[in-house]
Each structure stands twice: as C-alpha cells, then as structure tokens.
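Please look through the sequence and the model shown below.

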Amino acid sequence: MLQYDLIIIGGGASGLSAGVSALQHGIKKVLILERNNDLGGNLNLFIHGGFGKYYLGEEVTGPELASELIREFKAQGGEYKLDTEVLELTTNKVVTYVNPNDGIQDIKGKAIIIASGCREKFTGNINIPIHKYTGIYTLVSAHKLVNFQGYLPGKEVVILGKNNWSLILARRLLVEGAKVKAIIDGSNKGFLDDKGKDFIRGFDINIIKNSRVIDIHGNEKVGSVDVENNKDGSITKIDCDSLILTVGHFPEVNFIKKANIALNNKKEILVNNNETSAKGIFACGTVLTRDTQIFKSGEDGYKAGEIVSKYLKKYVY
C-alpha cells in the first residue's frame, strides 16, 4: 500500500491552499485527490476579482489564484490525481479511491485533510413544478453555462434566492446583455451586506423581498412565473424566459462514515482548530461552512496546511 505524509481530499481553493502551505512548511510527500478533471474547483468558475489576498497580497480573479496555487503546488513537488472519487476514509487514515487509470486503490496517509467542499442540493428541494419546462437552471449550472461555455441561460431572467452567489450571477448576466427581471428573496430583511453591495454597485437590480415563486407558466419553455408575497398573499406575474434556482448546498462527507468523525445534527464536521474528532484527520473550507464562506475557503485551507505540518512534525516525523 502506498503511503503519503499528507493526503488531501479535494483540489479546490481550500485543498490546493492546504497543499501549498504544507509543502512550504516542510512536508514532503503530499497528494491531492480531485474528482474533477482539473484542479481549482470553484475558483475556475468565478472570473470576478476578490480572491487570493491571503496568498498573493492582492485580490485577483478566481482562475488567476487557481493558476498560482497549481504552479506553486507542482513546483514544490506536490502530487495529484484527477478524475478520482474517494470512496472511503477510515480511522487509521486509509483512503480508498477509484479512477479510470488505477481502478480501486487503497492508500495511507500520516495525516488527512478533508477539503471535499460542498455540492448543490437537488432541485427536489424547491416546492414548485419545475419538471414541465426548459429554461430552469440551478445557480451553479447557470454560472458554468455563462463562464465556461459562453452561453446565456436566457435573455430575461428571474433568480430565486438572494445570496452573494446569486448577486454575482445577476451582475454577470447584466454585463453579458441579459435582463434580470427580479431576484426573489424569501426573507423579509431585504438588506445586503457590504460584500453584496459591492457585487451589484452601479447595477439596477430589482430585489423582491418576502416573496416566493409559486408557479411557472409557458409552452415547453418558461414564459412567466407567479410570485406570491408572503405577507399579504398578493400574486405578481413576471414574464421571463428562464428561472434560476438557489437550492443550497450540502457538505461532501459520504465517504467518512468509517472514520468515526463527529458531526452535528446538520451532518457538518465538528472541528477544533481544523482537527476533527479523529486524531490526524483535519478539515477545511466549504466542507465546514458550505457556501457561506466560499470566498474565504482558500485562506482557511492555507491555515490548515500549516496546522497539519505542525502536527506531523510533532507526532509523526
């Protein structure tokens, strides 16, 4: 069985940053296991600025930060496997993975960092009839459509759910020539934090608070949506050709069952200074915070890499 000083599950912002940090702090044999066909995770998706100040001393776009982290990780001798799905992690730090080249393999780490991130929930979490029409996307799929493939999801868009991700998407759609008819916010607050205000500064975006989408109309493709006010029950029809859903995220932790890692009632990993309840197994990034702290996941990973390097030097090396 191959052995590594550190195995990192996930090659997004937090995993890459953790790997770079550990290597820079003297850890020699570091392996990243990444399920996608490239490193960088969501950094590759966010082409706006605001990333990397913790590492570069200045804010750059997501792909720029990913490129710098990948370059440094390789330069420091880090190893990685792409298209690799982790199947299982045990208490004695054995990782079982599968990929097209190796098949199913077991490897062992002296320390493990779980940086597997979070994944969008299924559209079944939205209590509206979405299966009848085309032109309905989740938030992440819409981001990928615009930033990776260069297509607009629609020319007249309604976005259900207000968070920083949806605000970034709305701004991007406006820049590319689409019209954002409304962002439907289910809360009654209607306020934006400073980051959110920065995202849409200078853009006229209609945010309808304390409301929800209750029905969709159209002929095969979305033609309009009905929006109900949660307070008075009034219904407003908004013409549109696409609906984008903010469905939320869940942490990627299915593979940790045999590691006996403590979770809270939301199935989130409990950590103390990034270490889980299983000695030598650490976690960082959005696997802990879901999408709420996505812009700080790299910084958390970089810190975790240093913490793990101290652990290895103290207990293993």
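Arg 290 is buried, with a relative accessible area of 16%; buried means under 20% relative accessible area, exposed over 50%, and partly exposed in between, with a 1.4 Å probe and protein chains only. The model is predicted, so local features need pLDDT of at least 70 and side-chain atom pairs count only at pLDDT 80 or more, while totals for chains, interfaces and linings use all residues. Residues are numbered from 1 along each chain as its sequence is written, and side-chain values use heavy atoms, with hydrogens and water left out.

Arg 290 lies in the loop between α7 (286–289) and α8 (297–315). Helices (H or I, at least four residues) and strands (E, at least two) are DSSP runs, numbered from the N terminus. Which backbone oxygens does the side chain of Arg 290 reach? One belongs to His 249, at 2.9 Å, and another to Lys 266, at 3.0 Å. Both are polar contacts, that is, pairs of N or O atoms within 3.5 Å; within protein, one atom must be able to donate a hydrogen and the other to accept it, and residues adjacent in sequence count only if both atoms are side-chain atoms. With neighbours within four places in sequence set aside, Arg 290 is in contact with Cys 118, Lys 121, His 249, Phe 250, Pro 251, Lys 266 and Glu 268, where contact means heavy atoms within 4.5 Å.

Helix α4 (residues 139–147) has 7 of its 9 residues buried, so it is largely enclosed by the rest of the structure. Those buried are Leu 139, Val 140, Ala 142, His 143, Leu 145, Val 146 and Asn 147. Their cover includes β7 (118–120), β8 (136–138), α5 (164–175), β15 (242–245) and β16.

Helix α5 is itself mostly covered, with 9 of its 12 residues buried; among them are Trp 165, Leu 167, Ile 168, Leu 169 and Arg 171. At the start of α5, a side-chain oxygen of Asn 163 reaches to within 3.1 Å of the backbone nitrogen of Trp 165. The end C-alpha atoms of α5 are 17 Å apart, which agrees with the 16 Å that its 12 residues should span at 1.5 Å a residue; the expected span is 1.5 Å times one less than the number of residues. Gly 177 follows α5 and has a positive phi, near 105°.

The sheet has 3 strands, is open, and runs in the order β12-β13-β14 with antiparallel pairing; two strands pair if DSSP finds at least two bridges between them. β12 (211–219) and β14 (235–239) stand at the edges with a single partner strand each, so one side of each is left without a neighbour in the sheet. Strand β13 (residues 221–229) and β14 pair over 5 bridges, and Asp 226 stands opposite Lys 237 in β14.

Asn 254, in the loop between β16 (249–251) and β17 (281–283), counts as exposed at 58% relative accessibility. Its C-alpha atom is separated by 13 Å from that of Val 95, 159 residues apart along the chain. Glu 306 lies in helix α8 and is partly exposed, with a relative accessible area of 30%. Not counting residues up to four places away in sequence, Glu 306 touches Ser 21 and His 25. Glu 306 and Ile 27 are 279 residues apart in sequence and 9.6 Å apart in space, C-alpha to C-alpha.
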